[in-house]
Each structure stands twice: as structure tokens, then as C-alpha cells.
Amino acid sequence: MDRRKFLKSTGLVISATSTALQLPVSSCQMASSGMDRKRKLSENKWGMLIDLNRCSPGCTECLTACRRENNVAFHGDERWDVHWLRKVNLKDHQTGNKKDVLLLCNHCENPPCAQVCPVQATYKREDGIVIVDHHRCIGCRYCMIACPYNARFFNFKENPDWPNKDYPKRSHGVVESCNFCAHRVDQGMKPACVEACEKSGNGAILFGNLNDRDSDISRKIAATPVKRIREDLGTEPKVYYIGL
Amino acid sequence: MKIIEMLTSDRSRMYLIGTAVLLILLPPLFSILFSSRYSSGESAAGFLEMPDAKYKQCVRDKAYMRVHHMDYLKEIREQFVRYGERGDISLSTCSGCHTSRDQFCDRCHSAVNLNLDCFGCHYYPESNSQEAAAGVTKWTDANS
């Protein structure tokens, strides 16, 4: 055996043994690829329809349900309070009419908050829900400035309460907003506010799939005159209002 | 010219081949040395304590979890948060068997002075409850 052959064969043997000894720990193998997951989500486009005529004035069922479900911080001081869902009393100065309006994240089709996020913590999921990855958020609050609906809130303080232990709360230093109860929606349930509103008997909030033309929400949007807030901005919100 | 002569001489050629063979041999040697650390060479008996009433098997094998649990958790997190795929396994699956955070997570992490951010937001019961303390059995290789 000449030197060339010897070197070749030893090289082969060494590389074979080293690959054989490699432990199968290098990567996490997951069942489905990213593309499959995206396609699965994009079958739906979630939207909400709020009938302000059926929303009774003193009722705060949806607000408390949201707070309890999502561990939204309430300190009793308006500087630090976080609201995923707000009930605002609006007054028309010309006519003197007053109206309670539910305000929440509008889950825009072109979300300005997601466009400005420097770390891509805020993003639009394939099913249209605009959501914050709190692991990634650095708390720069750029999204709060970008949002034309004032739907985003910053956690200045640690939340002292933890009513729903199955759902994580947010630590201080991150921005949060309504996410259509994405954890419930993924399990085939309705958002907490919708369920509470149905339970209270008002049935003012309707939640459903806008892609599906036969869904309750799509039919009602087609049949009744609906409005969205600041449609002129081109953000294409997915929260519709009747009687705004 | 002298250098070339030196390099082409028989003796220096032997040295060159020797170093080359050594260089080729080193990486697999290292991998053998360090792989023993992963493959249950050492025992964690008595270090990580857990109540094993429900526990039969971890979601992955022990050697994998010992070294790569953080990668695994990150992968699950990505699935949860980015793709909305909420599988059966979450952090509460961990706390289902390893009920006490003190004895499961914090033991190693505080020993190496690693501060986790997980539990500022995610619920994981701490040790102090009575039934958790009563149910604790030693982790041994036999029951793992």
C-alpha cells in the first residue's frame, strides 16, 4: 500500500466513525413545516361586528371578562391601567347625542403598528389577528405612536393580579393590546368578550370568519350598513360597527 | 532554497504527515470525549427532585432534555406564538410532573447564576406547598 492509498483509507475510516458517533441532538424536528402552518391559519380571517344599538349603557360584562381572561392589569390609576377593551362615552357637540362605544384593537389588514415595529414583535398572523410576541418586544412604544386607534398600552408596572393562571400575564416593559383571544380562537372557542356578551343576553358582539361568505358575521355585514373607525386611513380594520 | 530542501527531506516529510494525521484525528476524539457527558454518563440522582405519581416518561428522552430543553421550549414557543399551533405540550406540561419550580428549574439555574424571565409571565407553582413537599421522591436513573 502506498502512502496515497493509506491516507485516503484512514481519512474515510475516520470520517465514517465520527459521523456514526454524532448524537441525534442537533435539531428539533417538528411535524409540520412553516408553510403548512401558514396555510392552515390563512383559511380564516377573523373579524368582529359590534352592534352599538344592542349594547346596553351600564353593562360592563365584556370588560370584566376580558380582564379576567387575559390578566389585563388594573391598578386603579389611569396612568398605569391597561385596557384591551374600552367603553368610551362619545358626545356629538352639534346634536348633543351621547353614545357608548366599545373600542379595541381593530386588527387592521394593513397594521401600522406592525410596520413600524423594529424587532418584528408585533405582526399580523396569517388569519388576520394582529398580535404581539412579548418575548421579543423591547418596549420602544413605537407601535403606540403609530396606532391611530390608541389601542395599545404599555406596561409601566408589574401586574399584581393573576386571575387566569392558564394564560400568561405580561411583565413590565412590554406593549400589549387585544389579540382577539388568540389562544381561545385557536382552540375553536370565541373570544371572552363575545361569550360574556352572549351570556348577558345583549348579544351585541359578533365574531366570525370574514373569508366565509356564509358565516353569520359576513351575512350581517352584507345586509346592514356598517362602519369602521377611520376608514379613510386605509388601514382596513376588521372591527365593524352598527350604529356608529 | 534551504527551506524547500528542509521541507522535502524525508524526515520533515514524516513530521508533516504526522501532524496532518493528528489534525484529522482530533475532532472525532473530542466528540467521543464530550459525548459521554450527554449519554447518561453522570447520574442526576438526588439533584433534581420530582414527585413521580403521574410521571412515566418525559416528552423527549432524558439525555436530550438535559442538554437541549431550552431549544425545545423555544421551538414550542415559536409554534404557539407565531403559527397558532397549540399542541399538547406546553410549560404547564412540565409543571404537571415537575410540580415544584424550586426543585426543578431553579436548582440548576440559580447554581449557575442564570436568571430566567419565564416566570414573570408564565405560571409555574413554587415549591412551598405541603403536598408538593410530601410527594417529592428522589430522581434516580431507575425511575427515569
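**Exercise 1.** Are Asp133(A) and Arg82(B) buried or exposed? Determine also how the two residues are linked in this predicted model.

*Solution.* Step 1: Both Asp133(A) and Arg82(B) are buried. Step 2: The two form a salt bridge, in which the closest N and O atoms are 3.4 Å apart. Step 3: This pair crosses between chains, since Asp133(A) belongs to the loop between strand S5 and helix H5 of chain A, while Arg82(B) belongs to helix H3 of chain B.

**Exercise 2.** Describe the salt bridge between Arg184(A) and Glu195(A).

*Solution.* Step 1: The N to O distance of this salt bridge is 2.8 Å. Step 2: Arg184(A) lies in helix H6 of chain A and Glu195(A) in helix H7 of chain A, so the pair ties together parts 11 residues apart in sequence. Step 3: The relative accessible area of Arg184(A) is 9%, which makes this residue buried; Glu195(A), at 32%, counts as partly exposed.

**Exercise 3.** Which residues have the most contacts inside the largest nonpolar core?

*Solution.* Step 1: The core has 40 residues, and those with the most contacts inside it are Met48(A), Ile50(A), Leu85(A), Leu104(A), Phe180(A), Ile205(A) and Tyr241(A). Step 2: Among the elements that each supply at least two residues of this core are strand S1, helix H3 and strand S3 of chain A. Step 3: Leu85(A) touches several residues, including Cys62(A), Leu63(A) and Leu104(A).

Methods:
Residues numbered from 1 in each chain as written. Chains lettered and ligands numbered in written order. Predicted model: local features only at pLDDT ≥ 70, side-chain atom pairs only at ≥ 80, totals over all residues. Heavy atoms only, no water. Core = buried A, V, L, I, M, F, W, Y, C linked by side-chain atoms within 4.5 Å. Buried < 20%, exposed > 50% of the residue type's maximum accessible area, 1.4 Å probe, protein only. Helix = DSSP H or I, 4+ residues; strand = E, 2+ residues; numbered from the N terminus. Contact = heavy atoms within 4.5 Å. Salt bridge = Lys/Arg side-chain N within 4 Å of Asp/Glu carboxyl O. Lists of a residue's contacts leave out its neighbours within four places in sequence.
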